Amino acid sequence: QVQLVESGGGLVQPGGSLRLSCAASGRIFRINTMGWYRQAPGKERELVAVIGSGGRINYADSVKGRFTISTDNAKNTVYLQMNSLKPEDTAVYYCNANLFEEPSLRRVDYWGKGTLVTVSS
């Protein structure tokens, strides 16, 4: 089994910053991608940013230039630095890891439980 533990959510004023972290642990053979998704009330879950093992990064258009995704591969941890936050960024943010797990070497998607980010004055 693999666990993803997120941290760093909270309440922030418009224009402020937050940094989310997500650490993966357990029977991991190799991580392919790690990323962040979000789900606002009444909306579907959407991609925020994803980073591949080779370093390739994709961002949602709505966060380009404001959010930065990065990883610490030694710690199996992904970060999301969020700057210039807007009320429309309010959502539950979920960490995702696509990986090969041990011992089966199956390729599996794992999700964190989510962390709430609220942008409000």
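Trainee: What should I keep in mind before reading the model?

Mentor: This is a predicted model, in which local features need pLDDT of at least 70 and side-chain atom pairs count only at pLDDT 80 or more, while totals for chains, interfaces and linings use all residues. Residues are numbered from 1 along each chain as its sequence is written, and side-chain values use heavy atoms, with hydrogens and water left out.

Trainee: How many strands does the open sheet have, and what is their order?

Mentor: Strands of a sheet pair through backbone hydrogen bonds, either parallel or antiparallel. Strands here are DSSP runs of E with at least two residues, numbered from the N terminus, and two of them pair if DSSP finds at least two bridges between them. The open sheet has four strands in the order 1-3-8-7, with antiparallel pairing; its edges are strand 1 (2-7) and strand 7 (67-72), each of which pairs on one side only. From one strand to the next the twist averages 15°, where axes are lines fitted to C-alpha atoms and angles run from 0 to 180 degrees between N-to-C directions. Within this sheet, strand 3 (residues 18-26) and strand 8 (residues 77-82) run antiparallel and are joined by six bridges, with Cys22 standing opposite Val78 of strand 8.

Trainee: Which strands pair with strand 11, and in which sense?

Mentor: Strand 2 (residues 10-12) runs parallel to strand 11 and is joined to it by three bridges, Val12 having Val119 as its bridge partner. Strand 9 (residues 91-101) pairs with strand 11 in the antiparallel sense, also over three bridges, and there Ala91 has Val117 as its partner.

Trainee: How is an aromatic pair described?

Mentor: A pair of aromatic rings is described by the distance of the centres and the angle of the planes. Rings of Phe, Tyr and Trp (its six-membered ring) pair if their centres lie within 6.5 Å, and planes under 30 degrees apart count as stacked, over 60 as edge-to-face and the rest as tilted. A search of the whole structure finds one such pair: Tyr37 and Trp111, edge-to-face at 5.0 Å centre to centre and 65° between the planes. Tyr37 lies in strand 4 (residues 28-39) and Trp111 in strand 10 (residues 107-111), so the pair ties together parts 74 residues apart in sequence. Tyr37 is partly exposed at 22% relative accessible area, and Trp111 is partly exposed at 38%.

Trainee: Which charged residues lie over rings?

Mentor: The criterion is NZ of Lys or CZ of Arg within 6 Å of the ring centre and within 35 degrees of the ring normal. Arg19 lies over the face of Tyr79 at 4.1 Å from the ring centre, and the charged end of Arg45 sits over the ring of Tyr94, 3.8 Å from its centre.

Trainee: How many salt bridges are there?

Mentor: A salt bridge is a side-chain nitrogen of Lys or Arg within 4 Å of a carboxyl oxygen of Asp or Glu, and a search of the whole structure finds five. Among them is Asp89 with Arg66, the closest N and O atoms being 2.7 Å apart. Both residues are buried, and salt bridges that share partners join Arg38, Glu46, Arg66 and Asp89 into one network.

Key. Buried means under 20% relative accessible area, exposed over 50%, partly exposed in between (1.4 Å probe, protein chains only).
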